Every structure is written in structure tokens, then in C-alpha cells.
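Here are a few friendly notes to read alongside the model. Please keep the viewer open as you go.

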Amino acid sequence: MPGLRRFALVGALAVALGACTGAPTAPPPAPSSATGEPPAQRVHVSLGDSYATGYRPANVPAGTGRDGFAYLVAERSDLRLINLACSGATSAQLRAEPGCAPGNRGPDAPDLAGLTQLDAAVRTLREHQGRVGLVTVVIGGNDLAPCARSQDPLGCASQAVADVRANLAATLPALREAAGDAPIVSLTYPDVFLGAWVSPAFPNGQGLARLSVSLFRDFFNAALKSEYEKVGAKFVDVTATTGGYGPLTEMTQDPTYGQIPTPVAKVCALTYFCDHTDVHPTPAGHEAIASAILTATGR
């Protein structure tokens, strides 16, 4: 094999000369899959309600759009979003109601094809096994929202929280099993009931706002956190990150409402509740939620 040895020696000298003279050497070929295609992009699977779809009320600009937190997180994490969320969903509907009307889906969201969100998520996670970068869940707001107008808001909220806990307990183990070791991030909401402080739609608005602080901190969010932690999910306390636990004695000057508590002013800026009696986030609200998720996941 003297010819082969000479060929190898010449090749080695050429590499050495290239290194000494600064001459470029050919890079090694890039790895490729067996089909010659680039590796498939990792995915972000989103479940939940209108917070996840990016819904905005009809009387504000733009309507449903890609500035919802799920879209922002996927884009900034270099993940492909598979948004299974459905506007209006309750915790019971997430696991038990099949399908989602086209108008209740987010932009480019897939048709659930007669599946519940949970069943669609399990199927999607199994199909993308090894390529799931993130799962996010935001649910329970539609269970709690009717309590704002209840004659007995505490009794209503207690029943709503019990229902949410029971539904999460029946949902999350299947989601965790399908997700494997992929990170699951669970969310709560801004305390939109703080906006009742300035809303003429609530005659006892200041009383409801005061009551809501304990309701979110000690009952609703504590229940959510407990259930999600049972399956090893990270819990992002959006109420806290949007200022909901601040003292109502701390006042600020709001351009629309004058001197109001700082937590009320924050919820007025981050949701449409104060201006439109609508619980959904403004673009600034979605930015705040996205930032909290990215921080929680180290992205």
C-alpha cells in the first residue's frame, strides 16, 4: 500500500501548510439526516383559553393577533407553535369538550378535529416525542370570571376553585405522561377584578377589588400551584408579576382615573378591564406574561 501511504502523507502536509500560512482549509461536511433534510424544529404546545389564543375584544384595534403571549414565547425561543387553545374554554371543557370553532382559535391554530384539547395535546406530544421544547397551560379564568357579578362572590369562587382543582387533577397526569421530561409551564392571570375599583359597572367595585387580592393570592393561585406542582410543572404567578399583590393604600396618578391604587393602575394598563370591562390582556399585558415565561424557563 505505498501509494496509499504517500497519498495520506501528502494530505497531512497540505493541512499543515494551510495551518501555517493561514490558507483556508475546507470545513467538514455538515451533518444531515438520513433523508438529507435539516433537523425538525422543536415545538411549543399551547393549551388553554382566550389568553393563549391571543384574543382581543372587538372594540379595540387588531382583534385576535400574533402578539399573544404564546406566539411571542415561541418566536423568542425559536420554537414552532402548535396552539391548541380555544377561547372560552373552562377547565372542564379542556378535558371533556371536543372541537373548537374556527373563530375561537388563535392564528394558524390547527383544527382539533373532534378531539378535546387534552386528547389533541397528548396526540401532538407523542407525535413530536424528543422535539417538544415547551408546553404551556393557562386555564381556570372562565371558571372564576362569573363570580365577579355573583351575589356571593366568595361562595362562587370557592366552588369554582374546587372545580378547577378537580379538573386539573384529572387532566395533568395524562399531559405529563405524554410530555415526558419536556418542561410544562403553568400560568395564572392578572387580578382583573382590581379594575372594578374604577369601573361603573360594579357598584361595590372597591369592595370587590379588596376582596380579590386575597381571592387570587390565597385561594385561586394557591390551588393552581398545588395541582401543577404535583406533575412537576413550573408555576408562573402572573398575578404577582403584574403587581396584583401590592398594597391598595399605595396610590398613583393615572391619566384616565386620577389618584388610584398602584395595583389598580397596573391592571388598567395590562388588561382591557377598566376601559371595556373585558378581562383580556392588552399588548403590554401579553408582553408581561411572555417575559415571565421566558424568565421562568431561562430563555
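1. Does Gln129 count as buried or exposed? Its relative accessibility is 69%, so Gln129 counts as exposed (over 50%; buried is under 20%, partly exposed in between, with a 1.4 Å probe and protein chains only). Gln129 sits in the loop between helix H5 (117-127) and strand E3 (132-138); helices (H or I, at least four residues) and strands (E, at least two) are DSSP runs, numbered from the N terminus. Its C-alpha atom is 7.6 Å from that of Ala179, 50 residues apart along the chain.

2. A word on conventions. This is a predicted model, where local features need pLDDT of at least 70, side-chain atom pairs count only at pLDDT 80 or more, and totals for chains, interfaces and linings use all residues. Residues are numbered from 1 along each chain as its sequence is written, and side-chain values use heavy atoms, with hydrogens and water left out.

3. Now the helix pair. The axes of H7 (residues 153-179) and H8 come within 9 Å and cross at roughly 15 degrees, with axes being lines fitted to C-alpha atoms over the stretch in contact and angles running from 0 to 180 degrees between N-to-C directions. H7 and H8 are therefore roughly parallel to each other (angles under 35 degrees).

4. Finally, the lining of the largest cavity. Helix H8 (residues 205-229) gives the most to this lining, with four residues. The lining residues include Cys147, Pro153 and Phe193; a lining residue has an atom within 4 Å of a point of the cavity, a set of points on a 1 Å grid over the protein atoms alone where a 1.4 Å probe fits but cannot get out.

Note on methods: 1 Å grid on protein atoms, 1.4 Å probe; cavity = no way out; pocket = protein on both sides within 12 Å on 5 of 7 lines; lining within 4 Å. Parallel < 35°, antiparallel > 145°, perpendicular 65-115°, else oblique.
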